[in-house]
Structures are given as C-alpha cells and as structure tokens.
Amino acid sequence: MPTLEISLALAGAVFCIGASGVLLRRDPLVMFICIEMMFNAANLAFVALSDRFKSVQGQTLVFLVIAVAAAEVAVGLSIIIAIFRTEKDVNVDHLSELKG
Amino acid sequence: MGLNDILFAVLAFSALASALAVVMTRNTVHAALHFVGHLLCLAGIYSLLHAPLLGVLQVMVYAGAVMVLFLFAVMILDMGEQEHQAVAASKMQLGAAVLAALVLACLLAGLLRHGFGDALAPAGDPALDLGEGNIAAVARVLFRDYALAFETVGVLLLTAVVAVMVMAKRKLES
C-alpha cells in the first residue's frame, strides 16, 4: 500500500481544511484549533518523508515542532483570555484594538 | 492487504473526517473534542510510519496537555453559548472554501507531478534503525546534531511560561 502518497495527500488535505477553518470561523478558539491542525499536517508530512528516506531527522524536527506548538498554545490562549476578560466579546470581527 | 494497511486506511479516513468535523461543527466544545480524535488518529498513523516515539508524544503532549488547556479556555470563556455566530456570512464562506480548494489542488498537483517521491531514493543512514530502536535513534540525532535547537526550545518554553504568568497576574485596567 502506498503509505507515503496517502500520507502526503492527507497532510495536504488536512492543511487546507485547517486553512479554510481559520478563514471561515469567527470563534477565536476554533481558529486556534485550526492553526494547530495545520501544524499537525506539516508534522505528518515530516514523519511520512522520514519513513520514506529511512532517516530520523524528520522525526527530530517534529519533536521540536511539538514543543514550539505547546509554547505557542500557552501564550496564544493567555492572550485570548486576557482580551476577552476586558472585551466580553467572542467575535474576532468586532476586535479592532490591534489595528495599526 | 495486511492488517497494517487496513489500519492505516481506517486511521487516515477518520483523521480526515474528524478534521472536517472540527470545521463544520458549531459548538466549540465539540470542535475541541473532534480535534482530540483527529490527534489520536494521527498518533496511530505516526506509529504505523515507524515513529512510535512521536505517536506517544502526540498523545501525551497534544491530545493530553494542549487540548486540556484548550478545554479549560473554552470553559473559562463560556464559549458554548456563542453557537449562533460561529460561521461567517455565506459569501465569505464560499470564497474561503474556493481558496482552500485551490491551495489543495496546487499541493496535490505538485505531488502528482513529482511522482509522489518515486524519484526520491532512500538516502538516509541505513545504520539508523527506524524499527524498534526508534527512540535511541531519535535521541542520538536530537542530542548530538540538534542539541542547540533542543536547548533553545527549552528556553522558549520557559519564556512562554513566564509570559503567561505575567499576563495572568496583571491587574485589569479600568
């Protein structure tokens, strides 16, 4: 079974689903989940190619990406909570505080 | 078709289905739980692709720690009530769907054009065993070739934790 092909196609599809989620949804937490989904699609491509090349370099990079994503989630969620403690609004369209 | 192939197909299909469910569902809690399912499917796929260490890490770090943080945030913000305005206007919806489909088409066209990596010969070090010795192989590369990156990620995590504490302790103005 062509696992590399299926994995890469799946990674592309999941990345696009995540991108469309960021564009479609107005709920900041779901948008954040969709960003994580795009991270995971990239990770899947890393792991699939690592398996194809018989090299653990890709897996090592995935390890680092997971750690960076964890840090990003911690900071991002605290920013979202800090904004909504003051704004009491959960629609990103109504938030224009950070506009330049 | 062996057991592994069937398992791989089922996991790939359910990963795709749960990813779609995350975007489709209007309830934030349901979206988070669908995403946990998606992460568990990916963990299974990682294990089948000879990366059992990453499969375990995916379950512990992502499906465990990160998603618990997400669910805490959902509960703090009380997002379950906001279902009515979860999806944007239909014109924007259509535009976003077309854009995403276009990106997917480009990705798949690129993959097909290059024969899905058929031209790529396995170039890695054959001494690195991807099978049972996976953890040792990853550790060797991580702590030898990527030692600086590993330490930097540690500092990054510490910085993130300190930043979150500062933000949480801050007094609200006005």
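Lys54(A) sits in the loop between α2 and α3 of chain A, in a model that is predicted, and it has a positive phi of about 55° although it is not a glycine.

- Most residues other than glycine have a negative phi.
- In chain A, helix α2(A) is followed by Lys54(A), the residue whose phi is positive, near 55°.
- In chain B, His50(B) has a positive phi of about 65°, although it is not a glycine, and His50(B) is found in the loop between α2 and α3 of chain B.
- His50(B) is partly exposed, because 18 other C-beta atoms are within 10 Å and a residue needs 20 or more to be called buried.
- From Lys54(A) to Ile81(A), which are 27 residues apart along the chain, the C-alpha atoms are separated by 43 Å.

**Helices of chain A**

- Helix α2(A) has 26 residues and reaches 38 Å from its first C-alpha to its last, which is close to the 38 Å expected at 1.5 Å a residue.
- Of the 26 residues of α2(A), 19 are buried, and therefore this helix is largely enclosed by the rest of the structure.
- Helix α1(A), with 22 residues, reaches 31 Å from its first C-alpha to its last, close to the 32 Å expected at 1.5 Å a residue.
- Helix α1(A) is mostly covered, with 17 of its 22 residues buried.
- Ala42(A) is found in helix α2 of chain A, and Ala42(A) is partly exposed because 16 other C-beta atoms lie within 10 Å.
- Although Ala42(A) and Phe15(A) are 27 residues apart in sequence, they are 7.6 Å apart in space, taken from C-alpha to C-alpha.

**Where the two chains touch**

- On the chain A side, 62 residues are in contact with 76 residues of chain B.
- The elements that give two or more residues to the side of chain A that touches chain B are α1 (3-24), α2 (28-53) and α3 (57-87) of chain A.
- The largest share of that side, 22 residues, comes from α3(A).
- By residue type, the side of chain A that touches chain B divides into 40 nonpolar, 14 polar and eight charged residues.

**The largest nonpolar core**

- The largest nonpolar core has 64 residues, and those with the most contacts inside it are Val14(A), Ile33(A), Met37(A), Leu44(A), Val47(A), Ala15(B) and Ile45(B).
- Two or more residues of this core come from each of α1, α2 and α3 of chain A, together with α1 (3-24), α2 (28-48), α3 (52-77) and α5 (134-144) of chain B.
- Within chain B, the core draws at least three residues from each of domain 1 (1-81) and domain 2 (128-174).
- Leaving aside its neighbours within four places in sequence, Val47(A) is in contact with Gly58(A), Gln59(A) and Val62(A) in chain A, and with Tyr46(B), Leu49(B), Ala51(B) and Leu54(B) in chain B.

**Chain B as a whole**

- Buried residues make up 25% of the 174 residues in chain B.
- Among contacts in chain B between residues at least 6 apart in sequence, 55% join residues at least 24 apart.

**Confidence of the prediction**

- For the complex, the predictor gives an ipTM of 0.90 and a pTM of 0.85.
- Chain A averages a pLDDT of 86, with 90% of the residues scoring at least 70, and among the elements of chain A the mean pLDDT is lowest in α3(A), at 88, and highest in α2(A), at 91.
- Chain B has a mean pLDDT of 82, and 80% of its residues reach 70 or more.
- Confidence in chain B is lowest in helix α4 (residues 90-113), at a mean of 80, and highest in α2(B), at 93.
- Where pLDDT is low, the predicted coordinates should not be read in detail.

How values were computed:
Residues are numbered from 1 along each chain as its sequence is written. Chains are lettered from A and ligands numbered from 1 in the order in which they are written. This is a predicted model: local features need pLDDT of at least 70, side-chain atom pairs count only at pLDDT 80 or more; totals for chains, interfaces and linings use all residues. Two residues are in contact if their C-beta atoms, placed from the backbone, lie within 7 Å. Helices (H or I, at least four residues) and strands (E, at least two) are DSSP runs, numbered from the N terminus. Ala, Val, Leu, Ile, Met, Phe, Trp, Tyr, Cys and Pro count as nonpolar, Asp, Glu, Lys and Arg as charged, and the others, Gly among them, as polar. A nonpolar core is a set of buried Ala, Val, Leu, Ile, Met, Phe, Trp, Tyr and Cys residues joined through C-beta atoms within 7 Å. A residue is buried if 20 or more other C-beta atoms lie within 10 Å of its own, exposed if 12 or fewer, and partly exposed in between; C-beta atoms are placed from the backbone. Domain bounds come from an automatic or database domain assignment. pLDDT is the predictor's confidence in each residue, from 0 to 100. The expected span of a helix is 1.5 Å times one less than its number of residues.
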